[in-house]
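Trainee: I would like to go through this model with you, one question at a time.

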Amino acid sequence: MGKLVVRIVENGHSYKINCDEHTPVESVQKLLESISGIPFKDQLLFCFGSKLESHSPLSAYKLPSEQEEVFLFNKSRMRINSPPPTPEKFKIAVIPVNPPLSPPSSSVPHPNLDDTSDPALKALPSYETQFRNHLQSGSAIYRRTLAMFEICERLLREQEVQERALDVAKGNLDHFYEMVCQNYTEFMKCYSQQDCSHRKFLADFGREKEKLRSIKIMPLLQNANRKCLLDFVDEENLQKVWEECSSSHERFEKKVLELKTEFGDLNSQVQDLFSCKTSKFIKDVELSVKEHRRFMDEQKSIMQALSEDVNTVKKLLEDCLSRQVSPSPILPHNAFSALGPTYNTHEKDYLPKMRACDSAISTLLDFCTDKKNESNLYVHNYMQKIARMQYTIKDLRYKFSVFSEALKHQNEQFHQLKVLHGVGPAYMACIAEVERRKTATNIYMENAEKLSEKLARERDFEIRRRDEFVKVHSTFIPPDILAAMGLYDSLNPCYVNVAPLPGGSTTLAVTDTTILQNDAETKIEALINEVSKFERESEINRNLLDRLRSCATSADFADSLRVLAQSLVSSAEESNEDSTFELRECIEIIADKVGALSRQCADLEENRELVNTLCTKNQLENQVAVCMLKCHVTLTSGGNWNGICRF
């Protein structure tokens with residue numbers, strides 16, 4: 001037997017169930033229904049991120065295990081219209097103002113001490129009664145405070161359970177969210193490729209029709225209904241197909257846009273949900289419980305002091321009673337004199353502190369209760385969000401299957417438009433196939449002729465060999481026997497006859513090979529034009545580079561650049577190219593900058609000699625002044641320093 005730890009998500013309560021590995025999950029659910037009040041049909045058990053199935057034994061999930069916990073989710077609380085959880089309240093016993101005193105713990109009856117002449121001895125029973133009263137009051141306060149603090153700790157543990165449960169729920173949601181993300185990515189990849197292809201078919205429909213209309217088929221293949229390649233298809237029906245495909249493509253595009261919007265909303269909701277920190281309630285409660293633990297420590301120390309004081313006064317009372325029975329020295333008065341201050345300490349220090357601690361823990365309990373109720377409501381709303389997202393994910397996965405089928409159906413619908421694009425290439429392929437067959441037939445006929453010659457040679461060799469055999473053996477064997485044995489039979493000749501290629505096919509190949517040749521020549525001509533244009537541009541760039549190099553090496557760089565810019569103006573007007581005008585403007589700006597720098601350099605050269613002269617003169621004057629200056633310092637009788645300069 002082992003213990004199965006079950007955590008209730010909606011309130012954080014925990015249960016330990018005695019069971020073994022052979023116990024069915026269904027039995028655990030029935031027991032949980034009786035102790036937690038959650039109906040069997042609304043129970044959803046999770047462990048290790050996996051759902052526990054009712055028909056499986058606990059051993060299928062490596063349970064029971066005290067190290068692993070099972071979380072119980074209430075499906076009825078996850079519905080949208082489910083009411084919020086009822087706030088938790090805790091009823092704590094009220095502390096009586098004057099609790100009834102317990103009977104004296106001393107078993108020795110003491111006589112009435114009212115007749116004694118010693119006032120301290122007379123007041124001793126009263127002190128003993130009051131001290132026991134203080135201890136009982138403190139004990140009542142401590143029990144109440146301890147009960148409240150234990151509730152606070154339990155509320156903290158329950159919130160920690162709820163935090164772990166939400167992590168399990170988020171992990172389960174993340175698993176299905178990754179699946180729907182993968183479905184979405186795969187669908188959008190297929191849709192993007194197909195959408196691009198279909199758009200091209202729709203856009204090229206008119207141009208493709210005109211292209212087929214312009215290609216005439218050979219006279220040999222023409223008839224009253226077929227003059228061009230477009231006549232190979234039903235143009236009217238194809239136009240209707242194009243209109244239907246265009247309308248279907250537009251409708252499907254809108255549906256896909258709605259699907260993208262729905263997935264985008266789901267993605268935003270999931271990211272917002274995952275960004276929520278469930279520990280925001282726990283941290284405050286954990287910190288407060290930790291800070292208030294000192295109040296419990298303080299109450300424990302006070303209770304220990306009260307208990308010691310009760311034992312002290314009880315011992316004094318017993319000592320006094322024993323001295324009255326048997327003569328003995330008088331008790332020292334300092335033992336009695338300490339009872340008064342101790343009583344005052346109880347009344348004015350210990351008990352007020354204990355009530356203050358009780359009040360602080362009571363405030364803590366209210367705080368923890370509020371936070372627990374907030375946590376319960378947060379878990380309730382959080383699980384409803386997860387339920388809505390799981391429903392959306394389930395709906396999206398179903399839609400992806402529907403959209404995938406629609407994608408296939410639309411592809412089949414566009415297949416008829418693809419026929420229009422395939423007519424031209426298929427026609428050209430047929431022409432090429434005719435030429436290939438002509439070549440293959442010629443090769444085949446050549447091989448047949450060679451085979452016929454080879455067979456004729458082999459027949460002649462065989463006939464000679466038979467004749468020689470009959471000639472040798474006819475002397476010994478009668479002719480009728482040889483004839484009966486078939487040795488006079490001759491070998492029939494073999495004729496290889498291959499029909500030539502039909503003349504129409506040859507004409508077709510020659511005629512439409514010209515079409516292919518013309519198409520190839522057109523492409524070659526366009527390529528030659530591109531190459532010529534590139535060569536002209538390269539020549540212009542080389543000339544421009546040479547001219548810029550000559551400008552850089554000239555004496556007057558700025559003027560050379562301006563001349564180059566002016567020459568570019570004329571060439572731009574001839575070629576009518578915007579790039580040449582822009583280059584000319586850039587060169588003019590550079591020329592102006594270079595001219596300004598040249599003028600500044602000239603001004604600096606003019607002023608350099610003057611500056612050098614002034615610097616030399618200034619240095620000479622400073623050297624003369626230093627040589628002529630002599631400073632003598634003397635100390636006057638008043639202690640002041642006087643500097644006397646002599647030139």
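**Helix packing and cores**

Mentor: Start with a helix pair. This is a predicted model. In it, helix H4 (residues 235-275) packs on helix H7 (residues 339-413) at an angle of about 160°, and the axes are 10 Å apart.

Trainee: How are H4 and H7 oriented to each other?
Mentor: Take the angle of about 160° between H4 and H7. Angles over 145 degrees count as roughly antiparallel. H4 and H7 are therefore roughly antiparallel.

Trainee: Which residue classes make up the contact of H4 with H7, and in what numbers?
Mentor: The crossing of H4 and H7 is left-handed. The residues of their contact divide into six charged, six polar and 18 nonpolar.

Trainee: What is the relation between H4 and H8?
Mentor: The axes of H4 and helix H8 (residues 415-473) come within 9 Å and cross at roughly 125°. The crossing is left-handed. Angles from 65 to 115 degrees count as roughly perpendicular and those over 145 as roughly antiparallel. H4 and H8 are therefore oblique.

Trainee: Which residues of H8 does H4 meet, and how many residues of the contact are charged?
Mentor: On the H4 side are Asn237, Leu238, Val241, Trp242 and Cys245. They meet Gln416, Leu417 and Leu420 in H8.

Trainee: Which elements each supply at least two residues of the largest nonpolar core?
Mentor: That core has 38 residues. Phe73, Val180, Phe187, Leu266 and Met383 touch the most other members. The elements that each supply at least two residues are strand S3 (43-47), strand S5 (69-74), helix H2 (119-203), H4 and H7.

Trainee: How many residues does the second, separate core have?
Mentor: Its members include Met148, Leu155, Met354 and Ala360. The count is 23 residues.

Trainee: What is Phe73 in contact with, leaving aside its neighbours within four places in sequence?
Mentor: Phe73 belongs to the largest nonpolar core. Its contacts include Val9, Met78, Ala165 and Ala169.

Trainee: Is Gln29 buried or exposed?
Mentor: Gln29 lies in helix H1 (residues 25-36). Beyond its neighbours within four places in sequence, Gln29 is in contact with Phe40, Gln43, Leu45 and Ser54. Its relative accessibility is 4%, and the cut-off is under 20%, so Gln29 counts as buried.

Key
Residues are numbered from 1 along each chain as its sequence is written. This is a predicted model: local features need pLDDT of at least 70, side-chain atom pairs count only at pLDDT 80 or more; totals for chains, interfaces and linings use all residues. Side-chain values use heavy atoms; hydrogens and water are left out. Axes are lines fitted to C-alpha atoms, for helices over the stretch in contact, and angles run from 0 to 180 degrees between N-to-C directions. Helices (H or I, at least four residues) and strands (E, at least two) are DSSP runs, numbered from the N terminus. Angles under 35 degrees count as roughly parallel, over 145 as roughly antiparallel, 65 to 115 as roughly perpendicular and the rest as oblique. A crossing is left-handed if the near helix is turned anticlockwise from the far one by less than a right angle, and right-handed if clockwise. Ala, Val, Leu, Ile, Met, Phe, Trp, Tyr, Cys and Pro count as nonpolar, Asp, Glu, Lys and Arg as charged, and the others, Gly among them, as polar. Buried means under 20% relative accessible area, exposed over 50%, partly exposed in between (1.4 Å probe, protein chains only). Contact means heavy atoms within 4.5 Å. A nonpolar core is a set of buried Ala, Val, Leu, Ile, Met, Phe, Trp, Tyr and Cys residues joined through side-chain atoms within 4.5 Å.
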